Amino acid sequence: MRSIELLRFATGAIIAHPMRSALTSLGVVIGVAAVVMMTSIGLGAQQRVTSTIAGLGSNLIIVSPGASRGGAGGGGGGFVMGAAGSGQSLKDADAEAIAKQVENVAAIAPVVRGQAQLTADGANWNSRIEGVTPDYLVARDLAIASGRMFDERESRQGRKVVVIGQTVARELWGDLDPVGRRVRVRSVPFEVIGVLESKGQSSFGQDQDDVLLGPLEAVRSRIVGRRARGDTVQTIYVKAVDADSLDRVQEDVVNLLREQHRIRAGDDDDFQTQNMASILQASQAAVATFTILLAAVAAVSLVVGGVGIMNIMLVAVTERTREIGLRMAVGAKRSQVLIQFALEAITLSLAGGLIGLLIGVLGAVAVAKLGAWPVAIPPWAGPIALGFSSLVGLVFGAYPSWRAARLDPIEALRRE
Amino acid sequence: MIEISDLRKLYVMGEEEVAALAGVTLSIGRGENVAVIGPSGSGKSSLMNILGGLDRPSTGVYRFEGEDVGAFSDDELAEFRRRRIGFVFQSFQLLPRLTALQNVELPMIYAGLAPRERRDRAAEMLERVGLGPRMGHKPTQLSGGQQQRVAIARSLANSPDLLLADEPTGALDTQTGQEVLALFKQLNREGLTLILVTHDHDVAASTDRRISFRDGLVVSDERGV
């Protein structure tokens with residue numbers, strides 16, 4: 001006989017009881033929808049973490065003051081960047097020494113930070129101001145949208161010029177071109193010479209466009225200098241020339257700074273270095289673990305759905321015992337009965353998987369639309385959902401089908 | 001066509017071993033019209049199950065057209081039933097969610113006939129049993145006699161060599177039962193070998209040969225009307 005006929009028998013039985021079939025599939029629908037949604041949410045989170053960390057600059061090592069745990073660097077606790085600025089152990093001289101003595105460094109950027117009230121043309125705004133060197137743009141992978149960045153000479157001379165982020169530009173001047181205008185930072189007048197390209201919001205909710213960049217010397221002495229000593233910096237960004245040299249550069253920086261700071265062997269560092277690659281790795285691993293956990297919980301409901309299918313298939317085999325007996329009497333082989341019932345279970349499960357996939361995708365899109373959480377539907381969601389639902393049908397349909405196939409036709413025909 | 005010798009069928013019932021068939025030797029020729037008669041427990045149903053390939057004998061030989069059916073595997077038995085045997089049951093055994101036509105098509109699906117071919121043949125079989133106009137009806141929309149005609153049409157679908165009817169009139173009133181028996185007689189006249197299993201002597205009287213069973217043994221085998 002032709003195998004398509006067995007599939008027709010299976011679908012015929014499913015269509016004969018639409019309500020029951022729908023309820024039987026419901027468990028798989030819920031299971032697959034949950035798995036699809038959970039993995040989409042997990043992948044979305046992973047992508048956002050990745051882009052945020054990559055947005056901080058690639059091949060980057062962040063050196064900040066304060067004791068580290070044995071100087072191992074990186075690790076899952078690396079989310080505190082920018083917050084570690086309490087110590088004053090980093091100096092201009094450290095940055096200069098790194099620039100001179102460490103090889104494979106593409107850019108080095110010492111930074112001081114402060115919060116400042118801005119006023120310009122009657123508008124007020126409170127923003128972050130960073131004192132940097134021109135190399136800062138290279139280190140952080142930033143770009144100028146209009147105007148220009150200040151150069152080395154302007155930086156050294158402590159000229160009062162700033163490059164501003166898109167948020168600052170909008171808040172102070174709306175749609176007007178800010179280049180060439182004046183802004184007072186804590187009453188100190190600065191000239192706007194450039195506007196940065198937008199970097200958007202970081203996954204930690206910080207607006208990365210709400211910033212002013214000024215020459216290191218000018219910002220340190222006039223804005224944040226009241227609290228900081230004359231030659232301290234809060235962070236030194238070191239950009240390696242490529243990903244391969246990242247670890248080597250980090251090691252050299254650590255050794256050099258220990259030497260600079262006269263730290264004896266065995267003593268703890270008075271600074272921390274964080275390597276973007278290892279931060280990325282650690283955070284990706286953390287998010288992946290979290291995704292797998294969510295998906296595993298969701299997968300439990302898929303198994304429960306499978307048990308539901310097995311339950312109804314066992315009922316169906318009992319109910320249709322006479323039908324099975326008759327099919328055998330008119331010449332059905334045991335294997336054909338087995339396949340018919342297995343196909344019925346697989347079809348139920350697969351239909352549930354299809355509907356669940358649809359609901360899961362729609363649900364993920366809805367979550368993204370509501371903006372509560374970043375969502376990325378993995379491209380393998382479809383094949384995996386359908387593959388797994390078929391597998392669930394096969395596994396949980398196997399026992400009922402086997403029961404059907406081993407019925408004694410005489411007993412089966414006699415059953416009321 | 002059928003040769004059986006010293007056929008036994010033993011069942012274990014608790015501690016005891018019961019012989020449903022206790023050594024039966026018979027031969028039935030092509031084109032015969034035979035009734036197997038006996039009270040319940042006489043072994044007539046066991047004989048029918050073995051003849052139809054639904055069951056295997058415990059010992060003894062069953063040859064059908066020279067083939068040793070007793071030695072067939074499950075799959076060979078399934079094919080034997082499909083190609084050689086047509087069953088008619090007391091309780092019709094129609095699938096309730098299928099129409100009359102679809103019920104008759106069922107054996108032909110297992111035989112691998114193409115959809116159009118089997119639909120045409122199913123319609124032809126239903127015409128032959130006088131149910132042409134009702135082929136789209138479901139079993140619940142048909143009377144008992146009509147349902148049994150559908151079952152007979154189904155049993156003829158794959159052109160069997162042997163038609164086995166187990167109490168075919170048992171669920172019908174006398175009038176309808178007579179019509180069904182007349183249909184069997186006609187089919188037999190057209191060349192079909194027929195074995196009718198019954199406990200009813202009136203039903204058995206419609207056949208040419210009557211084999212009586214008691215306690216798993218043949219007690220009489222008489223021919224003629």
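Two residues are taken to be in contact if their C-beta atoms, placed from the backbone, lie within 7 Å. The views below show a predicted model, in which local features need pLDDT of at least 70 and side-chain atom pairs count only at pLDDT 80 or more, whereas totals for chains, interfaces and linings use all residues. Residues are numbered from 1 along each chain as its sequence is written, and chains are lettered from A and ligands numbered from 1 in the order in which they are written.

**View 1. The buried side of helix 3 of chain A and what it packs against.** Helices (H or I, at least four residues) and strands (E, at least two) are DSSP runs, numbered from the N terminus. A residue is called buried if 20 or more other C-beta atoms lie within 10 Å of its own, exposed if 12 or fewer, and partly exposed in between, with C-beta atoms placed from the backbone. In helix 3 of chain A, residues 92-101, the buried residues are A:Asp94, A:Ala95 and A:Ile98. They cover an arc of only 100° around the axis, which puts them on the same side of helix 3 of chain A; the arc is that of the directions from the helix axis to the C-beta atoms. These buried residues pack against strand 2 (105-120), strand 9 (235-240) and helix 8 of chain A, while the face turned away from the buried side carries the exposed residues A:Ala93 and A:Lys100.

**View 2. Two residues other than glycine with positive phi, A:Asn104 and B:Phe92.** Most residues other than glycine have a negative phi. A:Asn104, in the loop between helix 3 and strand 2 of chain A, has a positive phi of about 65°, and it counts as partly exposed because 15 C-beta neighbours lie inside 10 Å. In chain B, B:Phe92 lies in the loop between strand 6 (85-88) and helix 3 (100-110) and has a phi near 65°; with 22 C-beta neighbours inside 10 Å, B:Phe92 counts as buried.

**View 3. Strand 5 of chain A, covered on both faces.** In a regular strand the side chains alternate between the two faces of the sheet. In strand 5 of chain A, residues 161-164, A:Val161 and A:Val163 lie on one side and A:Val162 and A:Ile164 on the other, and all are buried. Two strands are said to pair if DSSP finds at least two bridges between them. Strand 5 of chain A pairs with strand 7 (residues 188-196) of chain A in the parallel sense over four bridges, and A:Val162 has A:Val192 of strand 7 as its bridge partner. With strand 8 (residues 211-215) of chain A, strand 5 pairs in the antiparallel sense over two bridges, where A:Ile164 has A:Leu212 as its bridge partner.

**View 4. Strand 8 of chain A and its pairing with strand 3 of chain A.** Strand 8 of chain A is mostly covered, five of its five residues being buried. Strand 3 (residues 123-132) of chain A pairs with strand 8 in the parallel sense over five bridges, and A:Val132 stands opposite A:Pro215 of strand 8.

**View 5. The side of chain A that touches chain B.** Here 17 residues of chain A are in contact with 20 residues of chain B. On the chain A side, the elements that give two or more residues are helix 1 (3-16), helix 10 (321-329) and helix 13 (409-414), and helix 10 gives the most, with five residues. The residues of this side divide into ten nonpolar, one polar and six charged, where Ala, Val, Leu, Ile, Met, Phe, Trp, Tyr, Cys and Pro count as nonpolar, Asp, Glu, Lys and Arg as charged, and the others, Gly among them, as polar.

**View 6. An open sheet of four strands in chain B.** The strands follow the order 2-1-4-5, and the pairing is antiparallel. Strand 2 (16-28) and strand 5 (67-68) of chain B stand at the edges, each with a single partner strand, so one side of each is left without a neighbour in the sheet. Strand 1 (residues 2-13) and strand 2 of chain B pair in the antiparallel sense over ten bridges, and B:Leu10 stands opposite B:Ala19 in strand 2.
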